[in-house]
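Work through the exercises below with the model open. Try each task before reading its solution.

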Amino acid sequence: MTDEIPIIELKNLTKTYKNGVEFRALDSANLIIQKGEFVAIVGPSGSGKSTLMHLIGLLDTPSSGTLLIDGRDVTKMSDKERSAVRNRMLGFIFQYHHLLPDFTALENVMMPLLIAGKSRDEAKSVAEKLLKEVGLADRIDHRPGELSGGQNQRVAVARALSCSPAIVLGDEPTGNLDTKTGDLIYELLRRLNREYNQTFIVVTHNEELAGKADRVIKIVDGKITDQ
């Protein structure tokens, strides 16, 4: 056991939607994730995986319960405070890379840094380093339409890491890729996790890939059933 404050802690976290009929997408979830862990979240479609991810990522708010990030209760924060935590501590990788099509790989990775107030020279330096890290040093001037699906996802990984987030959230980051490319992206995430000691939380349908994580969290019908 460690006395270190968990990077993420859920206490009876619940999310309920009401559209004529009440639907509990997440039901009294309790979970602790330590700094530097690589955690996979698995479960059938509609089980609550994405709801859990969106709550941890501060893209949605819980109906009840407590969410602590690095020991701070974000459920009691204002929208502005939550946005500050999200921008400072969280990076996101989605199933579809969501890159800006009219910008180069370099410019796409620079964008979060420029939004965060970094100078153009500093943003360029960081973006070049990260694109080299993900194996795209020779593709920095290419736009998304000139890159393969796997290369675009590598750009998305670099963009997610650009502001050095403590937590990286991946929502099916390999789901839109062929098996070989998906394996390569997953191994890239694991390597970056080990090198930078960042916490990775990845939602996946691929149980073989999930099995390579430090820990697998199973969720069914909105309930965490196994860790």
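This is a predicted model: local features need pLDDT of at least 70, side-chain atom pairs count only at pLDDT 80 or more; totals for chains, interfaces and linings use all residues.

Residues are numbered from 1 along each chain as its sequence is written, and side-chain values use heavy atoms, without hydrogens or water.

**Exercise 1.** Find where confidence is lowest and where it is highest.

Step 1. Take pLDDT, the predictor's confidence in each residue, from 0 to 100. The protein's mean is 87, and 98% of its residues reach 70 or more.
Step 2. Compare elements, which are DSSP runs: helices (H or I, at least four residues) and strands (E, at least two), numbered from the N terminus. Helix α7 (residues 207-210) is lowest, at a mean of 80, and β4 is highest, at 94.

**Exercise 2.** Trace the strand order of the open sheet of 4 strands.

Step 1. Count two strands as paired if DSSP finds at least two bridges between them. The order is β2-β1-β4-β5, with antiparallel pairing.
Step 2. Locate the edges: β2 (21-33) and β5 (72-73) each pair on one side only.
Step 3. Check one pair. β1 (residues 8-19) and β2 share 9 bridges in the antiparallel sense. Ile8 has Ile33 of β2 as its bridge partner.

**Exercise 3.** Classify the residues that line the largest pocket.

Step 1. Define the pocket: on a 1 Å grid over the protein atoms alone, an open set of points where a 1.4 Å probe fits, with protein on both sides within 12 Å along at least five of seven lines; lining residues have an atom within 4 Å of a point.
Step 2. List the lining. It has 18 residues, and Arg86, Asn87, Leu90, Pro112 and Cys163 lie nearest the centre. α2 (79-89), β6 (90-94), α3 (105-115) and α5 (149-161) each give two or more residues.
Step 3. Sort by class, with Ala, Val, Leu, Ile, Met, Phe, Trp, Tyr, Cys and Pro as nonpolar, Asp, Glu, Lys and Arg as charged, and the others, Gly among them, as polar.
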